[in-house]
Every structure is written in C-alpha cells, then in structure tokens.
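This report looks at charged side-chain pairs and their surroundings. Please keep the sequence and the structure in view while reading.

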Amino acid sequence: MSVTSQVKPDAEAIAVAAEALPRVQNYLRTHPNGPAVVRVVDDGDGDALVVPRGAVELLARILAHMANGHGVSVVPEHAELTTQQAAELLNVSRPYLIGLLESGEIEFRKVGTHRRVMAGSLMEYKHRDDLRRRGAADELAQLTQDMDLS
C-alpha cells in the first residue's frame, strides 16, 4: 500500500461514519484519561479490545473527515515521501515544494539525485505554516478592528 493511498468514502461509508462519530466523540469526552476499551462484536459475542487513547482520537478525526465525504490517508511519521507525494499532501505544486526544501523550510535528504522528505518533517512545516497563517489572520482582524472597518 502506498503511503499516500486514500480511503475515499462512498455514500454508505459517509452515513456509517456520521453515525459512529458522535459515539466516539462522546466516549472521548466521558473517558478523558487512559486507554480506550472498544467492543468488537463478532456473531453476537462482544470481546473487549483495549487500544491506546491516541488511536481512538485518530479514529475520531478520520470519521469526521469521512462523514464530510473527504478521502483520508494515514501516513506514518517515519515514512519517506517522494517530492510528488509531499507536494500532494501539502496541496502545492512540486516546484513550490522543492523551493521549500532548498530554502531549508522542510528537512529532506537525497538518495542519489532524488529528494526524500520525512512525513514528520512535512507535518512540522505544516504546523508552523498554520500557526503563521493564523497569526497573520489575527493581526489583520485586529488592524480591521483598530481602524473601525468592521
């Protein structure tokens, strides 16, 4: 399986995800600590399955995207991506991504003449960029308010 392969929900999957999401979110709200206990029902016999809380939090995010009809990919942090895969994950062009790599914004390594990007480095960049964008939007909102343009 490719590290960027997506699960694209059909109408049935969207409906199932939309139904499951509130139950998973409620579980997380009512059980704020520790691992989660999931019931797996097989022919009427529900065995308890204990999973890490982070896995259930990730499941909630996956269900939210699927309920909205969006495709979902899970990419391990240690996965090495091609520049095309990395560009697709950031939703930018490959030449733009290469500019980010060459300017030092995102860590990468070369394998022969090919660049490889660690998924974790890509996500760190995305997080920094999101924070920068939010800061710029907040600053713009404050300027608008200060100038009585709202």
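By about how many helical turns are Asp-129 and Arg-133 separated in helix α5? They are separated by about one helical turn, because they lie 4 residues apart in that helix.

## Basis of the model

This is a predicted model, in which local features need pLDDT of at least 70 and side-chain atom pairs count only at pLDDT 80 or more, while totals for chains, interfaces and linings use all residues. Residues are numbered from 1 along each chain as its sequence is written, and side-chain values use heavy atoms, with hydrogens and water left out.

Asp-129 and Arg-133 form a salt bridge whose closest N and O atoms are 2.8 Å apart; the term denotes a side-chain nitrogen of Lys or Arg within 4 Å of a carboxyl oxygen of Asp or Glu. Asp-129 is buried at 10% relative accessibility, whereas Arg-133 is exposed at 52% (buried is under 20% relative accessible area, exposed over 50%, partly exposed in between, with a 1.4 Å probe and protein chains only). A network of salt bridges links Asp-129, Arg-132 and Arg-133.

## Other salt bridges

The structure holds 6 salt bridges, and one of them joins Arg-53 to Glu-57, with 2.9 Å between the closest N and O atoms. Arg-53 is buried, at 19% relative accessible area, while Glu-57 is partly exposed at 32%.

Glu-102 and Arg-115 also meet in a salt bridge, at 2.8 Å from N to O. Glu-102 is partly exposed at 48% relative accessibility, and Arg-115 is buried at 18%.

Notes
Helix = DSSP H or I, 4+ residues; strand = E, 2+ residues; numbered from the N terminus.
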